[in-house]
Amino acid sequence: MSRPEEIAPPELFYNSKESKKYTENSRVQYIQYVMTKRSLELLNLKKSSFILDIGCGSCLSGEIISSATEEVNQGMNHYWTGLDISPDMLEQAIIRKEEQKFNTNDDDSDDEESGDVGGLRNGDMMLHDMGQGIPFRAGSFDAAISISAIQWLFNKDNNNQDPIKRIRRFFESLYSSLTKNGKFVAQFYPANDDQIDTFLQIAKQTGFSGGLVIDNPESKKNKKYYLVLSCGTMSSNDADDADNL
Amino acid sequence: MKLLTTNFIKCSVKACESSNKSFPLKYNNQCQLELNYEEDDEIIQSSYEFLIGILDKIEWDALLKVCQDLGNNDLPPTKPIINEDVANLNDNEKLIIKQLFNLLINTEIVEGSMQCESCEHIYQIKNGIPNLLLPPHLS
Ligand SMILES: [Zn+2]
């Protein structure tokens with residue numbers, strides 16, 4: 001199977017047809033749910049937080065971030081800001097947001113999603129290229145999350161793009177946009193071990209501590225990579241999870 | 001885009017990083033505002049913890065400036081103080097939090113633009129989504 005990032009840049013790959021397909025595919029939704037829930041678990045937040053979602057796509061992840069259920073967030077009510085480079089993906093999020101508004105206004109019955117107070121209305125979406133830097137002032141976010149996105153930073157879509165420069169810009173601006181003990185968890189699909197090393201090395205150079213968590217390492221299909229980084233020092237609890245840098 | 005976000009978003013041009021004019025952005029006075037929710041006490045109450053946490057981070061002067069850009073001059077000149085214990089808020093504090101919710105979370109900029117006063121780049125907001133992509137000569 002070819003990797004989407006080898007076919008075309010993300011804003012072209014996820015055109016309106018692909019975006020709609022992606023958002024409505026229930027297997028995609030399930031995998032997104034599992035990876036977002038796991039990322040939140042690795043963030044290990046203790047109170048309702050302000051979270052940056054990098055490469056939010058159609059905000060399937062955002063919906064899970066702001067789910068105030070026991071199962072996902074122990075009742076915490078997080079707010080988030082999502083960045084994505086694909087206007088068509090964001091368009092899908094707007095459509096779903098409008099649908100949710102309509103449904104909640106229309107429906108007083110106790111549906112199965114009670115506990116999901118905010119839904120997509122807990123979030124903001126913006127059109128942005130993470131390689132151009134995270135455009136938020138110092139100390140904005142308590143945490144950042146990214147699902148299946150940061151491997152796109154290795155793409156070189158035109159002659160002026162230097163992936164290493166973009167990755168460095170990404171990590172240094174992300175570091176600055178997080179609070180003092182802010183954390184960043186990113187699930188990603190590395191093409192090879194070099195890409196993992198590059199992320200870890202640049203993250204460390206820009207001030208992060210932490211490392212890599214691999215879930216289901218024996219499974220070819222379900223093996224998942226998570227960068228787990230912190231602006232402060234990792235607590236012993238977190239350190240058990242991540243190989244130290 | 002929630003009004004809350006205006007207190008955090010800054011120009012992403014690298015050269016503007018060292019300039020104190022790149023935050024807050026200057027909002028066009030023609031910006032169109034909309035309310036996100038019908039007022040809902042359950043949602044406000046479930047947001048107490050978040051709002052108390054975020055109030056600590058808000059740069060009040062920047063908020064005053066952005067509200068002025070958008071035609072609201074009614075904010076108190078200094079940041080209100082709320083006790084951190086969510087379980088023991090008095091009625092006055094609950095009222096302040098409700099007002100903060102309506103201002104920061106419930107008010108959204110749906111159409112308009114914002115400009116960096118350092119490099120003068122204008123960012124458009126359409127359908128509630130700001131376009132932060134930089135043209136090649138600025139990125
Ligand atoms: Zn600027």
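## Overall architecture of chain B

The secondary structure of chain B comprises five helices and five strands, where helices (H or I, at least four residues) and strands (E, at least two) are DSSP runs numbered from the N terminus. Read from the N terminus on, the elements follow the order α-β-β-α-α-α-α-β-β-β. Along the principal axes, the C-alpha atoms of chain B fill a box of roughly 55 × 30 × 25 Å. Of its 139 residues, 49% count as buried; buried means under 20% relative accessible area, exposed over 50%, and partly exposed in between, with a 1.4 Å probe and protein chains only.

This is a predicted model, in which local features need pLDDT of at least 70 and side-chain atom pairs count only at pLDDT 80 or more, while totals for chains, interfaces and linings use all residues. Residues are numbered from 1 along each chain as its sequence is written, chains are lettered from A and ligands numbered from 1 in the order in which they are written, and side-chain values use heavy atoms, with hydrogens and water left out.

## The zinc site

The zinc ion is coordinated at 2.3 Å by the SG atoms of Cys11(B), Cys16(B), Cys116(B) and Cys119(B). Donors are N, O and S atoms within 2.8 Å of the metal (3.2 Å for Na, K and Ca); water is not among the atoms, so sites may look incomplete. The arrangement is tetrahedral because the four donor atoms around the zinc ion subtend angles of 106 to 116°. Four donors are given that label if all angles lie between 85 and 135 degrees. For reference, the ideal angle for four tetrahedral donors at a metal is 109.5 degrees.

The donor residues of the zinc ion are spaced C-x4-C-x99-C-x2-C in sequence. Within this set, the pair Cys16(B) and Cys116(B) links distant parts of the chain, 100 residues apart. Cys16(B) belongs to the loop between α1 (3-6) and β1 (26-27) of chain B, and Cys116(B) to the loop between β3 (107-115) and β4 (122-126) of chain B. Both Cys16(B) and Cys116(B) are buried.

## Further features of chain B

Helix α3 (residues 48-57) of chain B is largely enclosed by the rest of the structure, because seven of its ten residues are buried. The buried residues in α3(B) are Tyr48(B), Phe50(B), Leu51(B), Ile52(B), Ile54(B), Leu55(B) and Lys57(B).

Strand β3 of chain B contains Ser113(B), which is buried with a relative accessible area of 11%. Ser113(B) and Pro130(B) stand 17 residues apart in sequence and 8.0 Å apart in space, C-alpha to C-alpha. The loop between α1 and β1 of chain B holds Pro24(B), and the peptide bond from Phe23(B) to Pro24(B) is cis, with omega near -10°.

## Helix packing in chain A

Helix α8 (residues 163-177) and helix α9 (residues 193-205) of chain A pack at an angle of about 45°, with their axes 9 Å apart. That angle makes α8(A) oblique to α9(A). Axes are lines fitted to C-alpha atoms, for helices over the stretch in contact, and angles run from 0 to 180 degrees between N-to-C directions. Angles under 35 degrees count as roughly parallel, over 145 as roughly antiparallel, 65 to 115 as roughly perpendicular and the rest as oblique.

The crossing of α8(A) and α9(A) is right-handed; this term applies if the near helix is turned clockwise from the far one by less than a right angle, and left-handed if anticlockwise.

## Loop residues of chain A

The loop between α6 (70-73) and β2 (79-84) of chain A includes Asn77(A), which counts as buried at 3% relative accessibility. The side chain of Asn77(A) reaches the backbone oxygen of Ser46(B) at 3.1 Å. Gln74(A) lies in the loop between α6 and β2 of chain A. Phi of Gln74(A) is near 45°, a positive value in a residue other than glycine.

A positive phi also occurs at Ser148(A), near 55°. Ser148(A) is found in the loop between β4 (141-147) and α8 of chain A and is buried at 14% relative accessibility. Gln132(A), in the loop between β3 (123-127) and β4 of chain A, is buried at 11%; its C-alpha atom is separated by 9.1 Å from that of Ile167(A), 35 residues apart along the chain. Lys220(A), in the loop between β6 (209-215) and β7 (224-230) of chain A, is exposed with a relative accessible area of 85%.

Methods. Polar contact = N/O pair within 3.5 Å; in protein donor to acceptor, adjacent residues only side chain to side chain. Tetrahedral: all angles 85-135°; square planar, octahedral: opposite > 155°, others 65-115°.
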